[in-house]
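Grab a viewer and work through these exercises. Each one comes with a worked solution.

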Amino acid sequence: MTDDLFSAVNEADRVQRLRAQLHHHAHRYYVLDEPEIPDAEYDKLFQELQALEATHPELASPDSPTRRVGGQALAHFASVRHAVPMLSIRTETDTEATGAEAFDARVRRELGLQPENDPVVYVGELKFDGLAINLRYEHGSLVQAATRGDGEVGEDVTQNIRTIGQIPLRLQGAQPPVLEVRGEVYMRRDDFEALNERQRNKIAQGAKNEKTFVNPRNAAAGAVRQLDPGIAAQRPLSFFAYGLGDVQLAPGVAPPQTHHAWLMQLRDWGLPVAPQTRLARGAAELVAFHREMGQGRDALPFDIDGVVYKVNSLALQRQLGFVTREPRWAVAHKYPAQEQLTTVLAIDVQVGRTGKLTPVAKLAPVFVGGVTVTNATLHNEDEARRKDVRVGDTVVVRRAGDVIPEVVSVVADKRMHEGMLFTMPACCPVCGSAAVREEGEADHRCSGGLFCPAQRKEAILHFAHRRAVEIEGLGDKLVDQLVDANLIRNLTDLYRLGLSALLNLERMADKSANKLLEAIERSKQTTLARFIFGLGIRHVGEATAKELARHFGKLDAVMDATEEQLLEVADVGPVVAQSIHTFFGQAHNREVVEQLRALGLSWPEGEPAARAVLPLTGKTLVITGTLPSLSRDEAKDRIEAAGGKVAGSVSKKTDYLVAGAEAGSKLTKAQELGVAILDETQLLELLNGGA
C-alpha cells in the first residue's frame, strides 16, 4: 500500500469514527439529556470532522453530523416538521474577547468592507443554558410548541409549554396570521434550588422513584418532556425569545428590517426578551459586551455559557447567507469554563459502552458551575501522566460542559507527598480481559467485547443491526430493558429468551413478544460476512468483514489466522490485523462464538476465494435513485461481492454512477465530471463480467 493510499485509508477511518462519536454524543445530549463530554470537547471533534471533509470532499456523506443540527424526536411525542429549519450557529472557540474581533473581521471580509467603512451593527444576546423551543401563533393564539429535535423535525410539547406563565397564550395588539417565535426554555437558579429542596424532602420521607436534578438545564429539559403536563406545571420554567421561524404578516404590513427591531416587536406582542440584549456598533462594542456579560455572569438569576452576536441588518444577513448547517451572520462566543480547587481522593478506571477505559479522579466534593462535583475525567493514561495527577494532590477542576468535569492541572506547591504515578491496568477492571492500546491511539480498550458487561448493550445492538445478523424490532429501548432486567448478559442469551420472560417486560404484549422471538429465530440463518461484522471487532466494518469471509471462506480460518495471514486480505492493514487477532485471542470471545454456533447460528462456508481478479476489483461506484428490481442494500452487496466499493458521494475518483428513477444531484454532478453512468441492466452486465 502506498503512503498516499495508506493516509487516505487512515483519514477515511478517522472520519467514520468521528461521525460515530458525534452521533453518539448528540443522542446523549439532545435526546437523553445525559451528556458524556463537555461542549468544548464536542466542538473540537466537530471541527476536526469539518476540516477532514473539507480537505477530502470524496468522504462527504449525507448522514454526517456536519449536514445536520443534531438530536432526534422522542417516540412518545407527536412529531412536528418545522416550516423553517431550526439551525444551530457556529461556536467561537476562542474564549478571550478577541473572538468578537475575529467574528467582526470575518463578517467584514465576507461583505467586502474596508477598514475605513462604517462599522457593522450587531445585536448582542445572552447564550442561555436551556432548551430551544419553537412557538407557533396563528392569528394571535398559541397553537403549537415544538422542540428543536434534529432541526427539521421536533417534538410536540404544546401542553407542557402552556404551563409556563411567561409565554402568552394570546399575543397583544395587532396579531399576524402566522408567527413562529424561537426561544429558550430555562430554569432560574433559585427555582432550581427550591425544586431540588422539595425533591430531597420527598426522598427523606421515603418517596420512591424520586431524584434530585443535576443542573437547571437538565431539570428544564426534563420538565418540557414530561408526558404529564401536571408534573411539568410543578417545575417552574421561564422563557426568553430570541428569533423567528415562519412569519406571515397581514397584507400591507411592512416587516421590520433589522433583527433588533423584530425583537422589540416580539416584546410589544407580549413575549419576554432578555433585558441584556443590546445593539453593538463594530468590534469594540462587541468586545465590551462580551466583557460586561462575563463579569456579571454570576450575578444573573439564570445560567449562561456565553453570548451570541448577530448581524442586525436582515438585508446583510441575506447577503451573508449560510454555510452548510450554520448562518454566516451569527456566532456563539463561549466564556472560559468555571474552575475550582479540590483534592484527589482516588483514581478509578471506568469502562464505557464501546470498551474505552477512562481514568476518573474521585474528588472531595466541590461546587463548580452550579453543580457539586465528585468525579472528574483524566481522559486517558497519557493525559493523566502529562498532568502528573496523583492521589492526595490539590487540583484545579473545570466544569466545561453540562455533566463531566475535568482535572485541568495539579497545584504543584501544595503537594505534600510522593504518590504513585497513574498507570493504566493491564486488564479490564470489569471483566478481566486484556486492556489493549493500538499504535497511534491515545485510548486503552477492553478486548473482551462479547463478554464484558460494560459493553453488552452496545454489542447486542450492533449484532442485531440490519447489516449484521439483523434482528428486526430489537432497538435501543428494548435492549436497555432486557439488560437492565438481567435477561441478557451476553449475545448468547438472546437465543435463550422465552415468551414468559418477554411478557414480564413493560409494554410487551403477546404479539410483540412473539414477533421478536420469530425475528431472533430468523437471524440464525445468516452469512459469514454478516456474522463477522456483527461481532463488533474494532475497525472491522462491512467491507472488511466481506473481504475476510471471501478470503478465508470459513470462520475457523479467520479465528485462527496469524497477523501475517490477516495482512494478506485486501484492505487489511497492520492496525486492523492486530485488532482481529487480539479479539479472537481472547478466550471469552471465542467461547461466545462457539456458544452462538451451538445455539443454531449458521451460514454457508466454502473454500478460500481464488486470487483471480473480480469484475469490479479496484472500482468505486455510487448508487442514486430507485432501481427497478434491486434494493439499495442488494445492489451494494452485489457490487462488493464483485470486488467493488460503494461510496456515498460522487467525486473525480468515482468510476461508475448507478442511476435509477428520480436520480437527483448526484446524477448532475456525475455528468459534470464525466463519470460513466449505468442503469440496472448495465450494472448487472458489469457484475457478470461484461465490459
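**Exercise 1.** Which residues touch the most other members of the largest nonpolar core?

*Solution.* Start with the ground rules: this is a predicted model, where local features need pLDDT of at least 70, side-chain atom pairs count only at pLDDT 80 or more, and totals for chains, interfaces and linings use all residues. Residues are numbered from 1 along each chain as its sequence is written, and side-chain values use heavy atoms, with hydrogens and water left out.

Next, the term: a nonpolar core is a set of buried (under 20% relative accessible area, 1.4 Å probe, protein chains only) Ala, Val, Leu, Ile, Met, Phe, Trp, Tyr and Cys residues joined through side-chain atoms within 4.5 Å.

The largest one has 54 residues, and Phe463, Ile471, Leu474, Leu494, Tyr495 and Phe531 touch the most other members. Apart from it lies another core of 35 residues, including Tyr137 and Trp262.

**Exercise 2.** Find the salt-bridge partner of Lys310 and say whether the two are buried or exposed.

*Solution.* A salt bridge puts a side-chain nitrogen of Lys or Arg within 4 Å of a carboxyl oxygen of Asp or Glu. The partner is Glu125, at 3.1 Å, N to O. The pair is 185 residues apart, joining strand S10 (residues 304–311) to strand S3 (residues 121–128); strands are DSSP E runs of at least two residues, helices H or I runs of at least four, numbered from the N terminus. Both Lys310 and Glu125 are buried.

How values were computed:
Buried < 20%, exposed > 50% of the residue type's maximum accessible area, 1.4 Å probe, protein only.
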